[in-house]
Amino acid sequence: MSKFKKKKSGELPAISTASLPDIVFMLLFFFMVATVMRQNTLMIENKLPMADQIEKLDKKDLVMYIYAGKPSSRYRASAGNQARIQLNDKFSDVSDIKSFILAERAAKREEVIPFLTTALKVDGETNMGLVGDIKSELREVQALKINYTTRSGSAVDNLK
Amino acid sequence: MARRSAPEVNAGSMADIAFLLLIFFLVTTTIETDSGISRKLPPPQEDQTVPPVLKEKNIFVVELNKNNDLLVEEAPMELKDLREAAIKFLDNGGGKGEDGCNFCQGAKNPSSSDNPTKAVISLRNNRETNYATYIAVQNELVAAYTTLRNREAQRLFGKSFVQMKKDLKDVNYSGNKDRLKEDIKQIQFMFPEKLSEAEPKK
């Protein structure tokens with residue numbers, strides 16, 4: 001008779017956590033695939049302005065990056081308060097841009113050189129004088145394709 | 001007792017290890033913002049070359065002074081009105097005969113631009129101008145061209161210019177890509193982006 005009697009237990013059964021590693025691994029693989037390691041350590045403030053007429057730069061290996069902005073607070077003592085240019089991992093002068101572009105070009109295959117784009121990642125607070133200097137240097141080395149890197153958003157918000 | 005089965009490895013700490021790795025990748029991930037306004041710089045030129053003579057009415061002067069004020073044709077303007085003003089200028093089509101523009105829908109004002117192919121927007125900025133303001137103005141001017149190109153692409157090919165460009169990049173696009181390239185060229189020829197930038201004033 002007691003064969004069919006169910007045991008009456010008040011407590012809830014413990015939730016199995018056996019599938020937790022699987023879930024975590026799934027997330028892990030997602031982030032591993034989506035991760036792009038930063039190439040350059042930024043030594044400047046880099047709050048990009050906003051724009052909505054933007055195009056994506058999809059071929060990462062065909063892009064050369066030029067950063068500009070005020071040195072961030074750690075480097076302010078040594079680099080000053082004025083906006084500076086950063087090429088690779090160090091502060092540079094306007095005159096260094098030419099050699100930087102030529103070095104970047106030399107590292108690429110010859111047939112892709114016409115497609116190289118220069119991405120200008122310039123802080124919104126920078127004066128146009130510096131940007132104009134960068135542009136005239138780029139013109140002189142025939143690096144004519146440029147991209148003003150921006151965040152997407154309404155351009156009117158830049159004025160605030 | 002010839003063989004003993006291997007003891008089972010406790011997999012309980014697997015989750016911890018995975019979490020550790022997960023947190024590492026979460027912290028190092030930067031979803032990069034690699035998009036922006038693409039522009040082409042003019043090639044370097046010798047000083048001897050004489051600039052081509054343009055009619056005054058075909059030039060739309062946009063100036064940014066050192067206080068970040070916007071001056072359009074020497075009159076102050078709010079940034080939000082710039083797009084409309086640029087569209088009005090480009091789409092005017094005031095020319096007659098050979099200079100005429102048969103697709104423009106503008107006011108045909110004879111004292112404004114003759115033809116979109118002739119109209120030039122001249123952007124001048126000061127060395128003290130803020131970069132963010134400059135980008136905002138660039139953005140509005142590019143938007144004016146895009147609006148007009150979209151309109152014509154819609155009329156001629158039944159889809160917007162932005163869509164056409166997207167299709168060109170799309171590997172799964174089913175239509176004829178060479179045709180599409182020609183169509184894009186045609187639209188670009190109708191509204192060429194003639195954005196001239198003067199050397200900034202000191």
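Strand 3 (residues 63-69) and strand 4 (residues 84-87) of chain A run antiparallel and are joined by 3 bridges; strands here are DSSP runs of E of at least two residues, helices are runs of H or I of at least four, and both are numbered from the N terminus. Two strands count as paired if DSSP finds at least two bridges between them. Within this pair, Ala68(A) sits opposite Ile85(A) of strand 4 of chain A. Angles run from 0 to 180 degrees between N-to-C directions, and axes are lines fitted to C-alpha atoms, for helices over the stretch in contact.

A word on the model itself: it is predicted, so local features need pLDDT of at least 70 and side-chain atom pairs count only at pLDDT 80 or more, while totals for chains, interfaces and linings use all residues. Residues are numbered from 1 along each chain as its sequence is written, and chains are lettered from A and ligands numbered from 1 in the order in which they are written.

Chain B joins in where strand 7 (residues 145-149) of chain A pairs with strand 1 of chain B, antiparallel over 5 bridges. There, Lys145(A) faces Lys40(B).

The contact between the chains takes 44 residues from chain B and 51 residues from chain A. On the chain B side, helix 3 of chain B supplies the largest share, 11 residues.

Chain B also has an open sheet, with 5 strands in the order 4-3-2-5-6 and mixed pairing. Strand 4 (75-76) and strand 6 (195-197) of chain B each have a single partner strand, so one side of each is left without a neighbour in the sheet. Strand 3 (residues 70-72) of chain B pairs with strand 4 of chain B in the antiparallel sense over 2 bridges, and Val72(B) has Ala75(B) as its bridge partner. Helix 2 (residues 79-90) of chain B lies across strand 2 (59-64), strand 3 and strand 5 (120-125) of chain B, at about 20° to strand 3 of chain B.

Two loops are worth a visit. Most residues other than glycine have a negative phi. Asn88(A), however, has a positive phi near 50° and is found in the loop between strand 4 and strand 5 of chain A. Glu73(B), with phi also near 50°, lies in the loop between strand 3 and strand 4 of chain B. With 15 C-beta neighbours inside 10 Å, Asn88(A) counts as partly exposed, and Glu73(B) does so with 13; buried means 20 or more other C-beta atoms within 10 Å, exposed 12 or fewer, and partly exposed in between.

Finally, helix 3 of chain B packs against helix 4 (residues 161-169) of chain B at about 80°, their axes 7 Å apart. That makes the two helices of chain B roughly perpendicular, a label for angles of 65 to 115 degrees. Among the residues making this contact are Phe157(B) of helix 3 and Phe161(B) of helix 4 of chain B.

Terms used: Two residues are in contact if their C-beta atoms, placed from the backbone, lie within 7 Å. Angles under 35 degrees count as roughly parallel, over 145 as roughly antiparallel, 65 to 115 as roughly perpendicular and the rest as oblique.
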